[in-house]
Amino acid sequence: MSSGILCAEGHWDKIRARKPVQPGPTIKVLVADDVPGVSMEVRGRFNIFDPADGRRISTRFLGKKSYVQPLAEGIKWGEVFPGTYQIQIVPDHVDTITMINDVEYTGTFYIYQIEGTLSIVNEVVVEDYIYSILTAQHNDDYPEEATSALVIAARSDACYAALHAQNDFYDVVGSKVGYCGRVVTRTGGPIYKAMKGTRGLILSRNRAYEGALVPVYTFALVRDTGRDKIPTNWSLDKAHEMAAQGMNASKILAALFPDTVIELMETLPSMETLPSTDTVRTAQVLSGAQGSIANGDGSPVAEDSFR
């Protein structure tokens, strides 16, 4: 399915009408690095695991609020977890709010004790992630089709980052991509409407040597990985100009990202490797999916292996 085909009359509207996928893949964002401690509150039931082996350490039914800090004997969050230098906090519901230093988040958290300091990773649903980063940089005056093009490009970039992580711990650095944690949804706002109308759509291209369609890297402003990127002259101003000329999102993306196609994420074989928050992960799943994150013997993670 090429961009040219998508531009055919009526086809774009048919894709928009497809049932959205819930809740979708996730991305790991580094939200705190090399800090002496943080104030952390989980507002709802959750489980604590050791990501090294998937072992469940604790279950909380009423939430918890306390200071997290690194100690010689292990991580302390109100209580000390002896011999444990990394923990994973998994809320029972994807919408459960977690506060870190007065900033709201959703999703799963990994806390690592490294050389006497803490680093914290937030694994969040991609749709929530792109809503957070786009809210900070989007102008409500942008035409609807330009906003839709922006959302598809941002979703593509997030999926690319999640599939091409530079290490086993996180995919992007929150401070570099403008991630603000949980942002209150404006159901009538242009970003929300664009995300709802394009849910599950990403840019991709066929890479014969991989035998699968894969999401493309789009935003040079997010990070420079040195990896293969789609040549583009992407800018919000150009997208705005094209939309003002009557071009829909499909045509805008076809012009700005030549040699790409628009596909549903569920049709991409490579997307199967992305984690999903469709269900709360069990200890068995954690053991299989996350076993390589930390040292299996429970020893502190080496600083150079994390960064």
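How many bridges join strand β11 to strand β12?

1. Seven bridges connect β11 (residues 108-114) and β12 (residues 117-125), and the two strands run antiparallel. Strands here are DSSP runs of E with at least two residues, helices are runs of H or I with at least four, and both are numbered from the N terminus. Within this pair, Y112 stands opposite S119 in β12.

2. The model is predicted, so that local features need pLDDT of at least 70 and side-chain atom pairs count only at pLDDT 80 or more, while totals for chains, interfaces and linings use all residues. Residues are numbered from 1 along each chain as its sequence is written, and side-chain values use heavy atoms, with hydrogens and water left out.

3. The open sheet has seven strands in the order β4-β3-β8-β11-β12-β1-β13, with mixed pairing, where two strands pair if DSSP finds at least two bridges between them. Because β4 (55-60) and β13 (172-173) stand at the edges with a single partner strand each, one side of each is left without a neighbour in the sheet.

4. Helix α3 (residues 126-135) lies across β1 (26-35), β12 and β13, and runs at about 105° to β12; angles run from 0 to 180 degrees between N-to-C directions, with axes fitted to C-alpha atoms, for helices over the stretch in contact.

5. Helices α4 (residues 144-163) and α7 (residues 236-244) pack at about 140°, their axes 8 Å apart. The contact (heavy atoms within 4.5 Å) is made by E145, A146 and L150 of α4 together with L236, A239, H240 and A243 of α7.
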